[in-house]
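Q: Hi! Could you walk me through this structure while I have it open?

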Amino acid sequence: MTASTAPAASARRPAGGAERSEDAIPVRLYGLRRGTVTALTALCALFAVFILVPIAWIVINSTKTQANLFQTFGFWFARPFAFFENFSRLFQNVGGDGTYIRWFGNTALYALLGGGGATALCALAGYGFARYRFRGSQALFYLVMAALMVPITAITFPLFLVYTKVHLINSIWGMILPSMVSPVGMYLMRTYVQLSVPRELIDAARLDGAGELRIFFRIALPLMVPGVMTVLLISVVAVWNNYFLPLIIFSKNDLFPLTVGMGVWSSQAAATSGTDVLYPMIVIGGLVTIVPLILLFLLLQRYWRGGLLLGSIAN
Amino acid sequence: MSSTSRVRRRDRRPRSVLFAATGVLALSALSACGGSGGGGTGAGGAAPGGGGASPSASLVAGASCRSSSATKITFWAWVPGMDRAVNAFNKTHPNICVTQENPGAGRPTYLALTNTLKAGSGAPDVAEVEFAELPSFEVQNYLVDLSKYGATQYQSKFVPWAWQQVTRGSAVLAMPSDFGPMAFYYNAPLLAKHKIKPPATWTDFATAAVKLHKADPKAVLANFGPSDLQWLLDLMSQAGASPFGYGGGDQVKINWTGPAQMKFADFWQNLINQKAISTVAPNSTQPPINRDRGITAAGLDSAWAPSYFAPQAKRTMGDWRAAPLPQWTPGANVQADWGGSTYPVFKQSKHPAEAAQFAEWLTASDEAWTILKTPPSSLFPTYKPLLDSTEFKSLTYPVSGSSKPNEVFVAAADGLAPIQWPPFMVAALTQANTTFGQVENGKQTLRQAFQAFQGQMVKYAQQQGFKVSTS
Amino acid sequence: MSDTAVRTARRGRGGGPGRNRDRSAARAHATRAAWVRRRDRRGFVFVVPFLGAFVLFVLVPLGYAIYSSVYTTRIIGGTVFAGADNYRQVLGSGQFWSGVVRVVVFGTIQISIMLAVAFFFATIFDLGLVRFGRTWRAIFFMPFAVPIVVAALMWGFMLQPQYGPVTRLAGAVGFQGTNFLSDRLMLPSIIVIVIWEWTGYNMVILYTALKSVPRDIVEAALIEGAPIRKIILRVKLPMVRPAIVMLVFLNAIGASQLFVEPLILNNYQSGVITNYYTPTYFIFNTAIGGSQYNMAAAMAVILGVVVVLISIAALLFRRWKGELA
């Protein structure tokens with residue numbers, strides 16, 4: 001999950017057996033008792049079981065009919081095998097044609113525009129705060145950081161009230177624009193710029209007569225890419241996960257993102273006491289919701305710099 | 001969710017009600033949304049004022065309009081298959097063009113209605129509103145008196161109880177559509193095995209419950225889930241213990257602690273104490289499973305039960321029969337209704353006459369009911385010409401085998417007890433979730449919960465500026 | 001394009017009010033040339049888009065919350081000025097404070113356990129003490145890909161009192177009739193769910209932080225013969241303490257906003273998740289359920305103040321401890 005070590009660095013030692021990266025200190029130097037590595041690996045396996053159980057559950061149960069979902073043991077398969085039937089219903093008719101697809105598209109749109117926008121704003125602002133001292137820059141930075149402490153609800157709910165005045169209820173911009181504000185992302189970007197974009201480089205470029213924006217785009221930005229990717233990942237996941245804001249600002253179900261849609265399915269299924277055939281939809285829908293994010297991780301994991309950013313606050 | 005219980009009555013339909021046809025345009029709209037989202041799907045033109053309504057609102061019907069000069073009416077409803085009726089209306093009424101949108105079943109619709117009505121723009125001309133929620137819109141003075149548009153002439157076409165629900169004095173607040181008379185809906189082989197007959201009175205019901213539980217300690221006669229407030233209020237109305245009274249204006253009666261209410265509470269608490277009935281969360285997955293497993297032998301159900309229990313039935317398919325609700329006085333005929341919808345016209349409408357015409361057609365015409373009685377809407381009509389037809393009464397359902405449950409449900413429609421709803425129903429439902437959840441949880445007795453709820457409701461009503469009487 | 005923007009920025013700088021009052025900046029950079037100061041002001045251009053969005057979508061709603069919290073809107077009688085009435089009611093509401101206490105208890109337990117577990121695994125991965133470390137890290141990180149709503153739904157199914165497979169397994173090993181969603185076990189269950197959701201994410205952050213600790217420091221300690229436990233606690237831990245502090249802070253903010261898990265689990269078990277189970281859930285029910293928007297705004301403001309106060313107290317405590325040390 002990290003790129004901070006050299007790629008393909010897991011040269012295994014026959015003696016220690018554990019995964020080693022090139023620059024790591026050989027395990028034998030630690031003076032540990034024999035079997036420690038095995039015991040710790042077993043602990044990892046144990047925790048991995050805890051992590052994988054719900055995932056296994058959702059995979060297994062995506063193959064079940066509604067009756068079997070409740071009447072057979074949840075950690076094992078049951079006949080009939082209904083995966084394809086469930087899956088195809090996501091795309092056909094869940095009371096409303098293509099509802100799930102619509103939600104999926106909405107979520108992708110909100111995550112892309114909101115997360116992408118957040119990353120862009122954070123990159124600009126992080127760079128600005130890290131490499132410029134203008135009047136009030138410190139005060140502004142701390143103001144933004146203080147806002148981190150204000151609970152999202154304290155903002156989201158009044159935002160809803162403001163929206164009713166400016167007609168942003170049931171508008172996708174009402175969802176996307178606030179998603180672009182990420183104080184954490186800005187903080188991370190500022191830290192990353194301080195670490196990875198040397199002042200000397202900027203000064204040299206200035207001596208060469210480059211404009212400030214040109215310096216940012218041509219020199220700083222390429223150096224910031226891993227940090228930008230980290231913030232992008234965090235922002236996209238934040239929007240993908242966002243439940244409260246869309247829940248209260250959208251009242252039309254074809255604007256819902258997946259989270260709200262799934263939540264509504266859940267309460268709807270509960271409201272009809274399970275007499276509806278919604279539960280298999282919730283399970284398969286949940287499974288399909290998870291997949292794109294896992295793919296995104298695999299795609300972006302080599303850029304992941306989260307810990308580096310937080311760890312370097314000491315500087 | 002706190003107020004889901006409200007959603008349920010009207011929504012027990014096969015397939016997902018919630019997503020009542022999000023729209024013929026849903027798929028094509030997806031591409032539009034990928035592009036700009038703000039670009040809209042073409043539904044925007046139909047939203048008067050445009051304010052609260054998004055350009056990409058779900059357009060489920062209305063594409064069938066012929067004339068571009070037709071009067072545009074916006075209509076919100078979540079009943080699946082409603083678009084068929086809208087299209088039929090547009091076809092036969094070339095001067096009116098109705099566009100249907102679906103903000104989601106129950107709470108989402110009421111929230112959107114409240115917001116747009118308060119904001120002064122963006123509300124639909126006509127919307128689906130449950131019986132229980134109608135006073136909440138009436139009190140804000142949002143509803144058009146349909147008697148101005150000839151609604152009164154349809155009075156004789158409706159079940160008297162339904163007509164009484166939608167009228168205030170001479171004013172007609174909405175057109176009634178469907179409803180759900182209640183019955184004792186039971187697993188016939190299971191009760192037969194224990195030699196229990198459908199109880200004629202509540203005393204018989206209590207006896208039967210105790211007897212069944214003694215014979216089979218795992219089994220209960222019924223589930224009692226008071227956190228489903230509408231259901232609770234319906235049963236209380238049958239007992240003559242209706243706790244709310246509202247006759248319009250700023251006066252509201254709240255009485256959960258009178259002798260009738262306490263008698264009702266003690267009756268059920270007695271059965272709870274003996275474990276002769278269960279108190280499983282009514283809005284969870286458990287009740288239907290318990291029924292199918294032979295744990296719960298019967299339910300105090302609504303007319304939709306035969307169609308809505310079906311997907312969950314496996315072992316007990318075909319075993320379920322309907323019998324009239326038990327009576328508090330032997331030989332009496334006092335029935336209860338659980339749920340149903342109405343169609344009011346809102347004052348924000350620029351075309352109230354056309355909107356009223358549509359609402360009246362939708363609820364009081366053979367044409368509309370020919371469509372709405374069939375799946376996926378499968379509405380149980382307050383419209384007497386259909387309700388009283390032999391064809392409707394003799395419908396059979398797989399869950400009920402060869403029996404004709406509608407005979408019982410239709411008969412119940414004649415004896416429905418009057419009931420009044422508080423003009424702040426959403427708040428009451430939200431509070432009920434917590435207060436009556438304590439009863440299901442065994443932490444409080446029903447009596448204690450009634451007393452607590454009394455205090456909570458009085459406080460809320462007073463905060464909202466109502467004059468509250470408690471007797 | 002960029003050149004135009006820079007020119008615009010320059011013009012903006014020239015016309016900026018109070019150029020000469022820029023004392024604090026001047027003090028801070030007394031050694032710098034004046035042209036550097038002027039140039040640095042161009043940096044404002046970079047932060048303007050962010051600040052604009054920040055003002056519109058954070059400060060404006062916050063201001064509106066404060067404004068609307070001193071009014072009350074009634075069904076009968078409309079909107080009237082209420083002064084501190086809403087605040088008085090919320091501050092005197094046992095339900096509101098019970099929710100606050102609940103999330104404090106929740107946060108304390110959940111964050112401690114989670115960070116301990118995350119630090120443990122991050123350390124053994126960092127030291128290379130396990131086989132297949134890369135695989136474990138990938139697995140542990142997976143829940144981060146699961147939206148909280150979906151996670152809560154899955155756990156709700158698994159813990160469901162009647163057919164939930166976890167419940168049935170518990171029954172099979174001697175804990176018959178255990179209801180993981182009962183009054184007593186609901187909060188522990190939520191803690192487990194949240195730990196499941198976030199441990200991997202925290203672990204990966206700590207892991208990369210540990211990786212950035214220079215190798216020679218550790219080697220030096222080893223050569224001096226320090227045992228591994230000491231190296232972890234005396235060398236590694238202090239180096240990543242800032243990361244841990246930041247994680248505590250972020251997780252605490254997350255805990256104060258506990259909302260989705262109770263909302264979803266309420267569908268599986270009634271009577272346990274009260275309307276006021278957590279402050280955020282209470283705000284939601286007051287506003288959407290009770291139509292008491294002004295009261296909800298007052299709650300949001302008070303919750304914000306409580307979080308800020310707790311954060312300040314934590315900062316002061318750290319400084320105080322730092323001075324003692």
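Q: How do helix 10 and helix 12 of chain C cross?
A: In this predicted model, the axes of helix 10 (residues 183–211) and helix 12 (residues 228–256) of chain C come within 9 Å and cross at roughly 145 degrees.

Q: Is that crossing of helix 10 and helix 12 of chain C right-handed or left-handed?
A: The crossing of those two chain C helices is right-handed.

Q: Which residues make the contact?
A: Helix 10 of chain C brings Asn202(C), Ile205(C), Leu206(C), Ala209(C) and Leu210(C), while helix 12 of chain C supplies Lys236(C), Val240(C), Ala243(C) and Leu247(C). By type, the residues of this contact divide into seven nonpolar, one polar and one charged.

Q: Still in chain C, which residues of helix 9 are buried?
A: In helix 9 (residues 165–172) of chain C, the buried ones are Pro165(C), Val166(C) and Thr167(C).

Q: And what covers the buried residues of helix 9 of chain C?
A: The cover includes helix 8 (148–159) of chain C, together with helix 1 of chain A. Just after helix 9 of chain C comes Gly174(C), with a positive phi of about 105 degrees.

Q: OK, chain A has come up. How many residues of chain A are in contact with chain C?
A: On the chain A side there are 104 residues, in contact with 104 residues of chain C. Helix 1 (residues 36–61) of chain A gives the largest share of the chain A side, 14 residues.

Q: How do the residues on that side of chain A divide into nonpolar, polar and charged?
A: The side of chain A that touches chain C has 70 nonpolar residues, 25 polar and nine charged.

Q: How many helices and strands are there in chain A?
A: Chain A has 14 helices and zero strands. Of its 315 residues, 55% are buried. Taking contacts in chain A with a separation of 6 or more, 68% are between residues 24 or more positions apart.

Q: What about chain C, how many helices and strands there?
A: Chain C has 15 helices and two strands. Buried residues account for 49% of the 325 residues in chain C. For contacts in chain C between residues at least 6 apart in sequence, 67% join residues at least 24 apart.

Q: Switching to chain B: what's the order of the open sheet with parallel pairing?
A: That one has three strands in the order 2-1-3, with parallel pairing. Strand 2 (96–101) and strand 3 (126–127) of chain B are the edge strands, each pairing on one side only.

Q: How many bridges pair strand 1 and strand 2 of chain B?
A: Strand 1 (residues 71–76) and strand 2 of chain B pair over six bridges, in the parallel sense. If you want a spot to look at, Thr74(B) stands opposite Thr99(B) in strand 2 of chain B.

Q: Which strands does helix 3 of chain B lie across?
A: Helix 3 (residues 82–92) of chain B lies across strand 1 and strand 2 of chain B, and it runs at about 170 degrees to strand 2 of chain B.

Q: There's also an open sheet with mixed pairing in chain B. What's its strand order?
A: The order is 8-9-13, again for an open sheet of three strands. Strand 8 (244–246) and strand 13 (467–469) of chain B are at the edges with a single partner strand each, so one side of each has no neighbour in the sheet. The twist averages 25 degrees from one strand to the next.

Q: Do strand 8 and strand 9 of chain B run parallel or antiparallel?
A: Antiparallel: three bridges join strand 8 of chain B to strand 9 (residues 251–254) of chain B. Tyr246(B) stands opposite Val252(B) in strand 9 of chain B.

Q: Which helix packs on that sheet?
A: Helix 20 (residues 446–463) of chain B does, touching strand 9 and strand 13 of chain B; its direction makes about 170 degrees with that of strand 9 of chain B.

Q: Why is helix 9 of chain B said to be largely enclosed?
A: Because 10 of the 10 residues of helix 9 (residues 229–238) of chain B are buried. Among them are Trp231(B), Asp234(B) and Gln238(B). Gly240(B) follows helix 9 of chain B and has a positive phi, near 65 degrees.

Q: Last one: which residues touch the most other members of the largest nonpolar core?
A: Of the 322 residues in that core, they are Ala209(B), Leu221(B), Phe50(C), Ala152(C), Leu206(C) and Met299(C). Helix 4 (residues 99–131) of chain A contributes the largest share of this core, 15 residues.

Conventions: Residues numbered from 1 in each chain as written. Chains lettered and ligands numbered in written order. Predicted model: local features only at pLDDT ≥ 70, side-chain atom pairs only at ≥ 80, totals over all residues. Core = buried A, V, L, I, M, F, W, Y, C linked by C-beta atoms within 7 Å. Buried ≥ 20, exposed ≤ 12 C-beta atoms within 10 Å, placed from the backbone. Helix = DSSP H or I, 4+ residues; strand = E, 2+ residues; numbered from the N terminus. Pairing = 2+ DSSP bridges. Contact = placed C-beta atoms within 7 Å. Axes fitted to C-alpha atoms, helices over the stretch in contact; angles between N-to-C directions. Nonpolar A, V, L, I, M, F, W, Y, C, P; charged D, E, K, R; others polar. Left-handed = near helix turned anticlockwise from the far one by under 90°.
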